Amino acid sequence: MYENLIKKLAHTTSIKWHPGCNVKDSWIAEAELELGFQLPPSYCWWLMNYGNARLNGGNILTISQPEYRDIGDSDILYIHRLNLADEDWYRKYPNRLDLFVPDADELYFFDLSAKDKDGEFPVMYYDLMNDMIDEYAATFSAFLERLLDEHRSF
């Protein structure tokens, strides 16, 4: 199912990750319990097989070990909690789960309002400079493949 993505990841130098930092099933279950919904299958696959990544100076958000979750700036729950604490943010973006912030001009997030039949959320691109939001990819795995293609160095 993810063969093409695995090949690209094996031959790229644009995205960095630390082997052996995979996310445990129990951490995903804890995160889903707090969030109140299941995370997309392709994102869970990524977490369990790769766990983390860095691209263009930004971290693709992960699920940290429970003891570090309250301070981990690369943890999807930590960032989501910070966002939810801002009432104005929540009113404006009630269906947004941030995923990747490579720089101050752009960010990528899951659109929680558009879950497909396979449990995938589309990944949206937010151009912060122009205040424009567009769909970037239909799934997390398609998001990674497109990022790799755009930052081709394999």
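This is a predicted model: local features need pLDDT of at least 70, side-chain atom pairs count only at pLDDT 80 or more; totals for chains, interfaces and linings use all residues.
I began with Arg-146, which is partly exposed at a relative accessible area of 36% (buried is under 20%, exposed over 50%, partly exposed in between, with a 1.4 Å probe and protein chains only). Its partner in a salt bridge is Glu-150, with the closest N and O atoms 2.9 Å apart (a side-chain nitrogen of Lys or Arg within 4 Å of a carboxyl oxygen of Asp or Glu). Glu-150 is partly exposed too, at 43%.

Residues are numbered from 1 along each chain as its sequence is written, and side-chain values use heavy atoms, without hydrogens and water.

Next I looked up the other salt bridges; the whole structure has ten. Arg-81 and Glu-34 meet at 2.6 Å, N to O. This pair links distant parts of the chain, 47 residues apart: Arg-81 lies in helix H4 (residues 76-85) and Glu-34 in helix H2 (residues 25-35). Arg-81 is partly exposed at 29%, and Glu-34 is partly exposed at 42%.

Buried or exposed, I wondered, are Arg-96 and Asp-98? Both are buried, and their salt bridge has its closest N and O atoms 2.6 Å apart.

My last entry is a network of salt bridges that links Lys-8, Glu-145 and Asp-149.

Technical notes. Helices (H or I, at least four residues) and strands (E, at least two) are DSSP runs, numbered from the N terminus.
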